[in-house]
Amino acid sequence: MTMSAGWYLRRLSRMGPREAAGRVGDAVRRRRWRSALPDCPDVSGARFTSVLPAGALAAVPPDAAKRLVAEADRLLAGHAEFFGVVRDDLVDPDWWYDPKTGLRAPWGYAFGLPYRDEDTVGDIKQIWEPSRHQYLTVLAAAYAITGNERYAERVAEHLRSWWSANAPLHGVHWISGIELGIRLLSWVWIRRLLDGWPGTAALFEDNPVARNQIWHHQRWLAAFPSRGSSANNHVIAETAGQAAAACAFGWFPESARWRADALRSLERQLRANTFPSGLNRELATEYHGLVLELGLAAVAEADAAGVPVPPTVRLVLLRMTDALAAMVDNRLRPPRQGDADDGHGLVLDGAGTDRWASLLATGDAVFGRLSWWPTVTGTDVRTPLLAALIRPYAKDGTAPRVTRPAHRPAHFAGAGMTILRGPGDIWCRCDGGPHGFLSIAAHAHADALSVEVRHDGVDVLADPGTYCYHGQPEWRQYFRSTLGHNTLQLDGEDQSVSGGPFLWTRHARSRVLVADTSDASVARWCAEHDGYQRTVHRRRVELTAARQELRVVDEVRGPRRAARLAFHLGPAITADLTGNRAVLTWTRDGEDRSAELDLPGQLTWRAHRGGTNPPLGWYSAGFGRKEPSTTLIGTGFADGAEGFTTVLRFRG
């Protein structure tokens with residue numbers, strides 16, 4: 001995908017004067033750097049002291065260690081999967097190769113490479129992901145736990161290979177700050193986890209090639225921060241990686257300045273990226289997890305190095321953790337709102353480890369769990385290692401005193417998210433919040449007033465997910481469209497106007513009118529948005545406990561318009577549609593479950609599954625992966641005379 005002149009004009013229109021001036025300065029600096037690459041300062045004699053405390057590895061639960069070693073053995077054999085693409089070439093990887101397209105990214109000055117052009121470069125996400133080196137942190141963790149030097153030797157081989165193939169400022173791995181930041185964080189943990197290996201010092205602090213790479217990564221991040229309308233999760237990754245490296249690898253003349261600047265920026269950007277309720281402002285749940293992981297990792301490095309952390313950093317991370325505990329369902333699954341690209345801040349665990357349970361376990365260790373938090377039964381490697389480094393909140397004299405929620409929050413003011421809960425572990429997310437974050441709302445979907453409904457953790461009315469970013473514009477458009485969510489589309493238009501794959505030029509404005517979960521018998525929510533010109537779409541949702549019934553009423557105030565009402569079913573759901581009634585069936589833990597979905601009779605209903613022209617009836621469980629699922633579409637007209645009433649009734 002190449003960006004047209006029109007896209008650049010639309011993108012420029014979403015910038016303020018300060019951001020535009022900053023980007024001009026960046027462009028000038030990039031041109032200057034092309035011809036003047038400085039040498040890394042000579043810091044011979046540097047030493048690494050940010051090691052794990054005694055006993056930290058012994059605290060890793062045996063089952064978590066077993067999963068980790070099994071994953072490390074697969075990696076040692078060269079096997080891995082990135083975004084749905086299985087790779088068997090990781091014994092000796094080609095760092096510029098995309099196995100999805102078969103293309104190899106061109107070599108050259110990093111800032112001159114057309115990384116968005118899949119026909120030239122390949123799928124850049126497939127190329128970038130292995131070079132975050134998070135699979136190497138898994139191998140390093142396996143060495144730390146087992147002492148098996150095969151894992152350490154493979155890590156060393158791959159780092160030396162990467163450093164040799166990716167000279168500073170050359171190639172696609174020097175284009176994006178988020179990649180550099182996460183890679184630095186991985187290197188810090190690799191060095192820590194390999195501390196007992198005899199070859200570790202020769203690999204890192206005594207290796208001028210390694211020191212050169214670390215220094216140039218930090219120099220890059222100090223010079224080219226994500227700014228203005230792009231200051232989302234990317235800037236958190238940049239500052240977290242910079243802070244971590246400057247604390248753990250504080251060997252350079254610039255280290256103190258880089259460290260102080262990064263921690264100040266981390267404090268400022270965490271506050272800017274987070275609602276007071278604790279939800280991430282991008283309203284994309286996976287990025288809530290990514291930012292929380294990055295923030296915790298940065299604090300761990302500062303505490304390990306004895307570097308003071310701005311007090312509000314811990315406060316924001318505490319609120320984010322409480323918000324996560326509040327919004328998950330009974331199976332610890334959070335909402336599937338907004339974009340998701342399977343991005344992680346720090347990976348130390350094997351396959352089968354629950355990411356969200358891990359974050360809650362870390363939150364318990366660092367902040368302390370509240371009485372209303374859900375119970376976490378899973379185990380992980382990362383929690384005891386992070387907890388060994390991070391000073392507990394209650395023992396941090398610099399942390400501000402905070403009043404935490406006495407009861408489980410159901411409504412997140414500002415974010416516009418409301419969680420309705422009912423018997424039988426019914427969970428319903430209602431969306432009445434802002435379209436997205438900052439002027440471009442890069443990771444937003446056109447999903448105003450959408451609902452997401454689960455029963456005992458099974459997606460019944462599902463948010464279909466994300467699937468892709470680059471290279472497949474028709475699929476990117478579908479998964480972020482209004483029709484791709486459980487809401488009402490008018491005149492075939494999206495509620496918000498897209499200007500590109502990460503750009504929205506007009507944002508629907510939503511407001512929550514009612515969010516009442518105080519009555520245990522009936523929970524109520526109502527919101528409206530103005531995304532359709534001269535028309536207001538209002539939706540009311542009621543969850544009645546005794547009947548295990550969810551009632552959704554859509555009202556349209558404005559001129560008569562063509563309407564399509566969509567309900568996307570989860571991949572486990574089988575639907576038998578007759579007229580305007582669908583019988584839904586599925587299995588959970590070997591037990592048959594069912595529900596009835598009574599759809600508005602004013603509309604003509606049809607089931608769609610696995611359509612490709614155009615895309616319709618799909619579910620993406622993770623980035624790069626999609627599978628057919630059933631979507632029920634009702635077509636007709638909305639004239640304001642009467643609303644559309646949908647009733648979902650669970651049986652038993």
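**View 1. Leu9, out on the surface.** Leu9 is exposed, since its relative accessible area comes to 61% (exposed means over 50%, buried under 20%, and partly exposed in between, using a 1.4 Å probe and protein chains only). You'll find Leu9 in helix α1, which covers residues 5-13 (helices are DSSP runs of H or I with at least four residues, strands are runs of E with at least two, and both are numbered from the N terminus). Now look for Gly499: this residue is 490 residues from Leu9 along the chain, yet their C-alpha atoms are 9.9 Å apart.

A quick note before moving on: this is a predicted model, where local features need pLDDT of at least 70 and side-chain atom pairs count only at pLDDT 80 or more, while totals for chains, interfaces and linings use all residues. Residues are numbered from 1 along each chain as its sequence is written, and side-chain values use heavy atoms, with hydrogens and water left out.

**View 2. Thr274, tucked into a loop.** Is Thr274 buried or exposed? Thr274 is buried, with a relative accessible area of 7%. The loop that holds Thr274 runs between α12 (255-272) and α13 (285-305). Setting aside residues up to four places away in sequence, Thr274 touches Leu279, Arg281, Val316 and Met320 (contact means heavy atoms within 4.5 Å).

**View 3. Trp187 and the largest nonpolar core.** This core has 142 residues, and Trp187 and Trp189 have the most contacts inside it (a nonpolar core is a set of buried Ala, Val, Leu, Ile, Met, Phe, Trp, Tyr and Cys residues joined through side-chain atoms within 4.5 Å). Which residues does Trp187 contact, leaving aside its neighbours within four places in sequence? Among them are His133, Leu159, Trp162, Trp163 and Phe204, and the list also includes Gln213, Ile214, His217 and Phe249. In soluble globular proteins, nonpolar side chains tend to be buried together.

**View 4. The whole chain, for orientation.** Step back and you can pick out 17 helices and 25 strands. The C-alpha atoms fill a box of roughly 80 × 55 × 45 Å along the principal axes. Of the 652 residues in the chain, 60% count as buried. Take the contacts between residues at least 6 apart in sequence: 72% of these join residues at least 24 apart.
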